[in-house]
Amino acid sequence: GFRCGIVGLPNVGKSTIFNALTAAGIDAENYPFCTIEPNVGVVPVPDPRLDRLAELVKTRNKVATQMEFVDIAGLVKGASQGEGLGNQFLGHIRQVDAIVHVIRCFTDDNVVHVEGSIDPLRDRDVITMELVLADMESVEKRLKKTRNQAKSGDKKCKAEVAFLEKLQEVLDRGEPARVLEPETDLERDLVRDLCLLTTKPVLYVANVSEDDAASGNSFVRELEEAAAGEGASVVTIAGGIEQELSQLEADEQQEFLADLGMEEPGLHRLIRAGYELLGLITFFTVGEKETKAWTITRGTTAPGAAGKIHTDFERGFIRAEVIAYEDYVRCGSESAARDKGLMRSEGKEYVVQDGDCILFRFNV
Ligand code: GDP
């Protein structure tokens, strides 16, 4: 599965948000064959298109696609120096695909701020700096090794040293490694190999109090401006509200949302933002027996998408019958879409698009 790691200073609302996410999520009991670690939440990706399709075909079983969130607590100033458990937390971050960085944008005298005041940009920089410091260590280690190898005059090693030195400059300036785009295959391989923390895509969650849920506040605006500067997005969430919402039954939830003037839980925006951050898109398989949303990375071809369902589908792939979501809904059924010529027969090279409703033809 694809994983977002939730990081942030202590007391900013990480657990509150994580608990709300997992309350809506999938119970460990439904996963009898694998153990879910307590700090990992498997969360259905809310998608109104799936609901619409399920309704159209009166499906007996509607299955959302999922993604995972990991609560990575304990990242504090000094973590990269290996004090206490710091290094262990950095290790957890290494294993996620993207980073959700929660930033405190609420004032509450009853909740202590570890740095003594509310200051979103300082908080962002404290965490970023720990990640940068950890990456500097990784780059330094690699540089030492590669410089030694480069003494033999090996061209590849020399090119690696050159790129590592550029990386080092970026990190020395306190900037994340992601600002340096690798240009050659060698550089891309090297970056993948290094498994740096600051090359992972990041999004910020501005955690606000209930009163600011709708329109944010000056802290949020400050954060949004700074995030725009680094090409990152900000999702504003009132952690407290989300926790309350997550404990309600569906109909009570609707009522509460209406009272607040909200259309959907803020968590839905967060989950979708995480999904986008990971470069993921959704295709559907639609039927009376089951209607299901599936996750693929953008750019996946039809056989690759088939392989998500079953390896046999990929191995024996013949073609994919594809109806775009909009066409499916407009026609009202698969047969109507087929009659109107809106069901396309696509081959091996076809790149699956977000919202495609697909029927795979394959040999067994
Ligand atoms: P973590 O250390 O980042 O995981 O933070 P927690 O989720 O444990 O939250 C720390 C404290 O802040 C708890 O007492 C929460 O109830 C409180 N808290 C979390 N989110 C909000 C919020 O949006 N507004 C207010 N006023 N308090 C919050």
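Is K14 buried or exposed? K14 counts as buried, because 25 C-beta neighbours lie inside 10 Å and the cut-off for burial is 20 or more. The model is predicted. K14 sits in helix α1, which supplies three residues to the shell around the ligand, the largest share of that shell.

**Ligand shell**

- There are 17 residues around the ligand, and G13, K14, S15, T16 and G239 come nearest.
- Two helices, α1 (14-23) and α8 (239-246), each supply at least two residues of this shell.
- By residue type, the shell holds six nonpolar, nine polar and two charged residues.
- An unreviewed UniProt entry carries the annotation "binding site" for N11, V12, G13, K14, S15 and T16.
- Of the residues in that UniProt annotation, G13, K14, S15 and T16 are also among those that come nearest to the ligand.
- Setting aside residues up to four places away in sequence, K14 touches I6, G8, D71, A73 and V102.

**The sheet**

- Six strands form an open sheet in the order β2-β4-β1-β5-β6-β7, and the pairing is mixed.
- At the edges are β2 (40-44) and β7 (234-237), each of which pairs on one side only.
- From one strand to the next, the twist averages 25°.
- Helix α1 packs on this sheet and touches β1, β2, β4 (66-71), β5, β6 (202-207) and β7.
- The direction of α1 makes about 150° with that of β4.
- In general, the strands of a sheet pair through backbone hydrogen bonds, in either a parallel or an antiparallel arrangement.

- Strand β1 (residues 3-7) and strand β5 (residues 98-104) run parallel and are joined by four bridges.
- Within this pair, G5 has I99 of β5 as its bridge partner.
- Strands β5 and β6 also run parallel, with six bridges between them.
- R104 has N207 as its bridge partner in β6.
- Four bridges connect β6 to β7, and these two strands run parallel.
- The bridge partner of V205 in β7 is V235.
- Strand β6 is mostly covered, with five of its six residues buried.

**I99 in strand β5**

- I99 lies in β5 and counts as buried, because 25 C-beta neighbours fall inside 10 Å.
- Apart from neighbours within four places in sequence, I99 is in contact with G5, V7, I93, K200 and V202.
- G5 is therefore both a contact of I99 and its bridge partner, and the burial of I99 rests on its 25 C-beta neighbours.
- I99 and R52 are 47 residues apart in sequence, and their C-alpha atoms are 31 Å apart in space.

**Two loop residues with positive phi**

- N11 is found in the loop between β1 and α1.
- The phi of N11 is near 65°, which is a positive value in a residue other than glycine.
- N11 counts as partly exposed, because it has 15 C-beta neighbours inside 10 Å.
- Leaving aside neighbours within four places in sequence, N11 is in contact with V111, V112, H113 and V114.
- K58 lies in the loop between α2 (48-56) and β3 (62-63).
- K58 is not a glycine either, and its phi is positive at about 50°.
- K58 is exposed, because 8 other C-beta atoms lie within 10 Å and the cut-off for exposure is 12 or fewer.

**Other annotated spans**

- The unreviewed UniProt entry places a "coiled-coil region" at residues 129-156.
- In the model, residues 129-156 are 86% helix and 0% strand, and the end C-alpha atoms of the span lie 31 Å apart.
- The unreviewed UniProt entry also places "domain: TGS" at residues 279-362.
- Residues 279-362 are 31% helix and 35% strand, with 27 Å between the end C-alpha atoms.

Technical notes: Residues numbered from 1 in each chain as written. Predicted model: local features only at pLDDT ≥ 70, side-chain atom pairs only at ≥ 80, totals over all residues. UniProt positions renumbered as here; feature names shortened; annotations may be inferred. Near = placed C-beta within 6 Å. Nonpolar A, V, L, I, M, F, W, Y, C, P; charged D, E, K, R; others polar. Pairing = 2+ DSSP bridges. Axes fitted to C-alpha atoms, helices over the stretch in contact; angles between N-to-C directions. Contact = placed C-beta atoms within 7 Å.
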